[in-house]
Amino acid sequence: MTMEFIKVKNYDELSKLAAQIISNQVKEKENSVLGLATGSSPIGTYENLVNEYKNGNLDFSKVTSVNLDEYIGLDENNDQSYRYFMNKHLFSHINIKETFVPSGVNADMEAECKAYDKKIEDLGGIDLQLLGIGLDGHIGFNEPDEIFEKDTHIVTLDPSTIEANARFFNSIDDVPTKAITMGMLPIMQAKKVLLIANGQNKKDILDKAFYGPITPKVPASILQLHKNVTVIFSEN
Ligand code: GLP
């Protein structure tokens, strides 16, 4: 693999660098398919991309995006849904051609999973996949498991993930217990992966994921087998 591990001073630098990598991707290939992520880590990255667009330096008119995941039961109007998050932080501010986020409210979730994989395939796969990392090593919502799940699937969230994400909800009881997530195949087939992690508390899991054994117990460890990964980490 080629793995570049870049340590930066602070969140601001992380966000600027991540945005620059994404922006270079779009400039090199105007019809890029971007795999996008939610969580607190990419907020600054999206802010920088929006600014670049507003300054006239970046054009998303031929870009398509596919997001990693969504909570089951939350629709686009729910301010905790990932669709809402993406609209708020990125999509509503730029001229992006088309955006896909899996639906958490399809009556037939099996069909939703299949259709999502088909969609990614039809788009020709992902050019650049942006990822965060959960404290238990999850990417998207691929939680620690006995196997690496290949396709889009429904997951029961780990109690530690529910606890970590409770900060965004009124109470921990409001956090959905299930989610739909892209599987490992489109992530591993993405031409480039950009993983961003912020904060001292991500240090241990990054060590395990990138320097420990490759195991589905640490889902992000599969990225050691990817041919083009950049990790940007800021301890502060
Ligand atoms: C959520 C998302 C992940 C994200 C993770 C880390 O669980 N499903 O895609 O990487 O949170 O979030 P944060 O960046 O807030 O630490």
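Leaving aside neighbours within four places in sequence, which residues is Gly212 in contact with? Here are my notes, starting with that one.

1. Gly212 is in contact with Asp207 and Gln224, once those sequence neighbours are set aside; contact here means heavy atoms within 4.5 Å. You'll find Gly212 in the loop between helix 7 and strand 10. Helices (H or I, at least four residues) and strands (E, at least two) are DSSP runs, numbered from the N terminus. Gly212 and Ile147 are 65 residues apart in sequence and 17 Å apart in space, C-alpha to C-alpha.

2. A word on what you're looking at: this is a predicted model, where local features need pLDDT of at least 70 and side-chain atom pairs count only at pLDDT 80 or more, while totals for chains, interfaces and linings use all residues. Residues are numbered from 1 along each chain as its sequence is written, and side-chain values use heavy atoms, with hydrogens and water left out.

3. On to Tyr211, which sits in helix 7. Tyr211 has a relative accessible area of 54%, so it is exposed (buried means under 20% relative accessible area, exposed over 50%, partly exposed in between, with a 1.4 Å probe and protein chains only). Not counting residues up to four places away in sequence, Tyr211 touches Met3, Phe5, Leu206 and Gln224. Its C-alpha is separated by 34 Å from that of Val63, 148 residues apart along the chain.

4. Now the inside. The largest nonpolar core has 30 residues, and Leu195 and Leu223 have the most contacts inside it. A nonpolar core is a set of buried Ala, Val, Leu, Ile, Met, Phe, Trp, Tyr and Cys residues joined through side-chain atoms within 4.5 Å. At least two residues of this core come from each of helix 4 (109-122), helix 6 (184-189), strand 9 (192-198), helix 7 (203-211) and strand 10 (228-234). Helix 7 gives the largest share, four residues. There is also a second, separate core of 26 residues, which includes Leu34, Leu36, Phe60 and Leu128. As background, nonpolar side chains tend to be buried together in soluble globular proteins.

5. Helix 2 is worth a look too. With 12 residues, helix 2 reaches 17 Å from its first C-alpha to its last, close to the 16 Å expected at 1.5 Å a residue (the expected span is 1.5 Å times one less than the number of residues). Its buried residues are Gly44, Thr45, Tyr46, Leu49, Val50 and Glu52. These pack against helix 1 (11-28), strand 2 (33-36), helix 3, strand 6 (128-131) and strand 9. Gly56 follows helix 2 and has a positive phi, near 80°.

6. How do helix 2 and helix 3 sit together? The axes of helix 2 (residues 43-54) and helix 3 (residues 82-89) come within 10 Å and cross at roughly 40°. That makes helix 2 oblique to helix 3. Axes are lines fitted to C-alpha atoms, for helices over the stretch in contact, and angles run from 0 to 180 degrees between N-to-C directions. Angles under 35 degrees count as roughly parallel, over 145 as roughly antiparallel, 65 to 115 as roughly perpendicular and the rest as oblique. On the helix 2 side Ile43, Tyr46 and Val50 meet Phe85, Met86 and His89 of helix 3. The residues of this contact divide into five nonpolar, one polar and no charged (Ala, Val, Leu, Ile, Met, Phe, Trp, Tyr, Cys and Pro count as nonpolar, Asp, Glu, Lys and Arg as charged, and the others, Gly among them, as polar).

7. Last, Asn10, in the loop between strand 1 (2-8) and helix 1. Asn10 is partly exposed at 28% relative accessible area. Apart from neighbours within four places in sequence, Asn10 is in contact with Ser234 and Asn236.
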